[in-house]
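I opened my notebook to look up how this chain is folded. My entries follow the model.

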Amino acid sequence: MENNLKQVRNSKHLLQTKVAMDLNITQETISSYETGRVFPSSDMLIKLADYYNTSIDYLLCRTKYDIPINDVKPNNIKDEDFVLLNKINKLSIVNKSKVEGYIDGLNDK
C-alpha cells in the first residue's frame with residue numbers, strides 16, 4: 001500500500017530513529033511502515049498523524065494536502081488559492097492586517 005509516511009518524515013527533517021524513540025517503537029517498525037511491508041494499526045495511524053501534525057488521509061494518500069485535520073479544504077475554493085492561503089497561514093507574520101488586506105484583495109478579483 002502506498003503511503004506518505006517517509007515523505008512527511010523527511011519534510012520535517014526527522015530520522016527514523018527519532019520518530020521511533022518518540023513513539024516508543026523500533027526504527028525497524030518505522031522502516032516497515034514506510035516501505036509498506038507492515039501496515040500500522042489504526043491506533044498507530046492516529047499516533048503518527050498526531051506526531052506529524054497531519055491527517056490520516058494524507059498518510060494513506062487519500063488526499064494530496066499535508067495539513068492538520070482541522071484545516072480541511074472547503075469545496076468553494078480553487079486548489080491554487082487554498083495552497084496559497086495555507087502557506088500564508090503557516091508563516092509567522094507579525095502584521096496581521098497585511099495578510100487580511102491581501103486576502104481581501106483576492107476576494108475583490
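**Entry 1: the whole chain.** I looked up burial first: 29% of the 109 residues in the protein chain are buried. Buried means under 20% relative accessible area, exposed means over 50%, and partly exposed lies in between, with a 1.4 Å probe and protein chains only. This is a predicted model, where local features need pLDDT of at least 70 and side-chain atom pairs count only at pLDDT 80 or more, while totals for chains, interfaces and linings use all residues. Residues are numbered from 1 along each chain as its sequence is written, and side-chain values use heavy atoms, leaving out hydrogens and water.

I then checked the accessible surface of the protein chain, which comes to about 7,700 Å² (Shrake-Rupley method, 1.4 Å probe). Carbon and sulfur atoms hold 52% of that surface.

**Entry 2: the elements.** I found 7 helices and 0 strands in the protein chain. Both are DSSP runs, numbered from the N terminus: helices are H or I with at least four residues, strands are E with at least two. I noted the order from the N terminus as α-α-α-α-α-α-α.

I also looked at contacts, meaning heavy atoms within 4.5 Å. Of those between residues at least 6 apart in sequence, 38% join residues at least 24 apart.

**Entry 3: helix α4.** Which residues of α4 are buried? In this helix, residues 42–52, I listed Met-44, Leu-45, Leu-48, Ala-49 and Tyr-52. They share one side of α4, because their arc around the axis is only 140 degrees. That arc is taken from the directions from the helix axis to the C-beta atoms.

The buried residues of α4 pack against α1 (5–11), α2 (16–23), α3 (27–35) and α5 (56–59).

Ile-46 is also in α4. I read its relative accessible area as 41%, so Ile-46 is partly exposed. Ile-46 and Ile-56 are 10 residues apart in sequence, and their C-alpha atoms are 6.8 Å apart in space.

**Entry 4: α2 against α4.** I looked up how these two helices cross. Their axes come within 11 Å and cross at roughly 115 degrees. Axes are lines fitted to C-alpha atoms, for helices over the stretch in contact, and angles run from 0 to 180 degrees between N-to-C directions.

From α2, Lys-18, Val-19, Asp-22 and Leu-23 take part. They meet Met-44, Lys-47, Leu-48, Tyr-51 and Tyr-52 in α4. I noted 6 nonpolar, no polar and 3 charged residues in this contact. Nonpolar covers Ala, Val, Leu, Ile, Met, Phe, Trp, Tyr, Cys and Pro; charged covers Asp, Glu, Lys and Arg; the others, Gly among them, are polar.

**Entry 5: helix α3.** I found Ile-30, Ser-31, Ser-32, Tyr-33 and Glu-34 buried in α3. The buried residues of α3 pack against α1, α2 and α4. Ser-32 has a relative accessible area of 12%. Leaving out residues up to four places away in sequence, Ser-32 touches Arg-37 and Val-38. After α3 comes Gly-36, with a positive phi near 85 degrees.

**Entry 6: two asparagines.** Where is Asn-24 found? I placed Asn-24 in the loop between α2 and α3. Its phi is positive, about 60 degrees, although Asn-24 is not a glycine. Asn-24 is exposed, at 71% relative accessible area.

Asn-53 sits in the loop between α4 and α5. Asn-53 is not a glycine, yet its phi is positive, about 55 degrees. At 49% relative accessibility, I counted Asn-53 as partly exposed.
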